[in-house]
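Please consider the model shown below.

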Amino acid sequence: MQKFDVVVIGAGAAGLFCAGVAGQRGCKVLVLDHSPKVAEKIRISGGGRCNFTNRDLDVRAPQKHFISDNPNFCRSALSRYTPQDFLALLQRHGIPFHEKHKGQLFCDRSADDIVQLLLRECEAGDVTRWQPCGVKAIRFSAASPDGTSAGSYEIDSDQGTIQCRAVVVATGGLSIPKIGATDFGYRVARQFGLKLIEPRPALVPLTFDGATWAPYAGLAGLALPVQIETGMQSSPHAPPLRGSLPPEGAPFALGRPGGKKKDRIAFLEDLLFTHRGLSGPAVLQISSYWRANTPIRLNLAPEQDLLQFLQDAKARSRKLIANELATQLPSRLADAWVQQDAAWQRPVNEASDKALAALATRLSAWELTPTGTEGYAKAEVTAGGVDTRELSSQTMEAQKQPGLYFIGEVVDVTGWLGGYNFQWAWASGHAAGMAVAQRAH
């Protein structure tokens, strides 16, 4: 049986960063991952350039860029390891980067720069890494009553049994199963009696049924800036379950539902029409808040008073309504809209005030209800996860299970689009890495 101070399960952003932090502080660290590839989600992120953090994160109120059933939980870790801290690390490694917009920072060369940084940090801490290596079982032995022995874990892996004092679960969520995503982290949480907030796809395109979407399917590929908003809706959940490591795909143990019933949130971002529905940054952002059977609302011309524009056009122009609209909106969009009502298929000076008002309202407050999302296959992240009420915000350790830590996407903390989720990986990994190092010594 091999012995380590800490075993980190998951060789992604959070897991590798945590391992490097702990290893460089004197811990004997082992990283396990069932996938043969390291940090594959980093490699494919940001179009291959990795949007690794965001300058705009407000360290005084970082929770405003994150979604959680317990929104203040993430504040501690995010305020103790900031975007500036990670930038300092990049600069020490000589990695060039640039800002696109809204504080989003990307590698100049390739996302592999971030992967290599993490591996070098692990090497600096003499971290051992076994890949591919699956985990079959985890057992915990409680501390002896007389205090002569501390609690410890035994992990049955594909490469034998390991003994350690601490386990860090950094296995991510259910997003992008083709690169190895599983529910392993949730099953570990269930085994040790921790509640979950129901996982769901986030930062994901929205879809509509064929008949509803037929008038807009021809707009696939069209993009434009919009304002998008939705409400949040609560839903009932099952009671928590306990037991040994559950089988893969078993029902989740759920905690309290997320969100308040009447909260609304809006984003001003680019929208992209697809053959099946809507995508683009605007939709990815709102999808993290959207709940099934609730509508979204779009303003397709957020910087224009369309009613005033159409009224002015009526007074001065004899052009078709579609032609006038095409000066404010993409022409394909203008054409698709006017085809929906005969009252809009005429010169603007011949249209009734009522028809123009209806058109302006439809374009500036287009309300529609998605039938679903593109699911985990296309979701950039998984919302929900281990209920943060079960964890210490200072250390990421389970409150009722000594030596068991959860970090990164497996936890019920989900960032906005734009580098926030990677910053949560660094911050939560740093918090746990520091904590396990202190525990080991």
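In strand E9, Tyr153 is the bridge partner of Phe140. This is a predicted model, in which local features need pLDDT of at least 70 and side-chain atom pairs count only at pLDDT 80 or more, while totals for chains, interfaces and linings use all residues. Residues are numbered from 1 along each chain as its sequence is written, and side-chain values use heavy atoms, with hydrogens and water left out. Helices (H or I, at least four residues) and strands (E, at least two) are DSSP runs, numbered from the N terminus.

The bridge between Phe140 and Tyr153 belongs to a pairing in which strand E8 (residues 135-141) and E9 run antiparallel, joined by six bridges. Two strands are said to pair if DSSP finds at least two bridges between them. E9 is also joined to strand E10 (residues 160-169), again in the antiparallel sense, by five bridges. A hairpin of two residues leads from E9 to E10, and Ser157 stands opposite Gly160 in E10. Strand E9 (residues 152-157) is mostly covered, with five of its six residues buried. Here buried means under 20% relative accessible area, exposed means over 50%, and partly exposed lies in between (1.4 Å probe, protein chains only).

Just after H6, Gly193 adopts a positive phi of about 80°.

A further element to examine is an open sheet of three strands, with antiparallel pairing and the order E3-E6-E5. Its edge strands, each pairing on one side only, are E3 (51-54) and E5 (97-99). From one strand to the next, the twist averages 30°; axes are lines fitted to C-alpha atoms, for helices over the stretch in contact, and angles run from 0 to 180 degrees between N-to-C directions. Three bridges connect E3 with strand E6 (residues 104-107) in the antiparallel sense, and Asn54 stands opposite Gln104 in E6.

Which residues of helix H4 (residues 83-92) are buried? They are Pro83, Phe86, Leu87, Leu89 and Leu90. Seen down the axis of H4, these buried residues fall within an arc of 155° (taken from the directions from the helix axis to the C-beta atoms), so they line one face of the helix. Gln91 and Arg92, on the other side of H4, are exposed. The cover over the buried residues of H4 includes the strands E3, E5 and E6, together with helix H1 (13-23), helix H5 (112-124) and helix H13 (420-440). H4 is followed by Gly94, with a positive phi near 70°.

Two packed helices are described by the angle between their axes and the distance between the axes. The axes of H4 and H5 come within 11 Å and cross at roughly 85°. H4 and H5 are therefore roughly perpendicular to each other; angles of 65 to 115 degrees count as roughly perpendicular, under 35 as roughly parallel, over 145 as roughly antiparallel and the rest as oblique. In this contact, Phe86, Leu89 and Leu90 of H4 meet Ile114, Leu117 and Glu121 of H5. The residues of the contact divide into five nonpolar, no polar and one charged, where Ala, Val, Leu, Ile, Met, Phe, Trp, Tyr, Cys and Pro count as nonpolar, Asp, Glu, Lys and Arg as charged, and the others, Gly among them, as polar.

H1, one of the elements covering H4, has eleven of its eleven residues buried, so it is largely enclosed by the rest of the structure.

Two single residues complete the account. Thr207 lies in strand E12 (residues 206-207) and, at 7% relative accessibility, counts as buried. Leaving aside neighbours within four places in sequence, Thr207 is in contact with Arg276, Gly277, Pro370, Thr371, Gly372, Thr373 and Glu374. Ser393 is found in the loop between E19 and E20 and counts as partly exposed, at 24% relative accessibility. With neighbours within four places in sequence again left aside, Ser393 is in contact with Phe73, Ser76, Ala77 and Arg80.

Key. Contact = heavy atoms within 4.5 Å.
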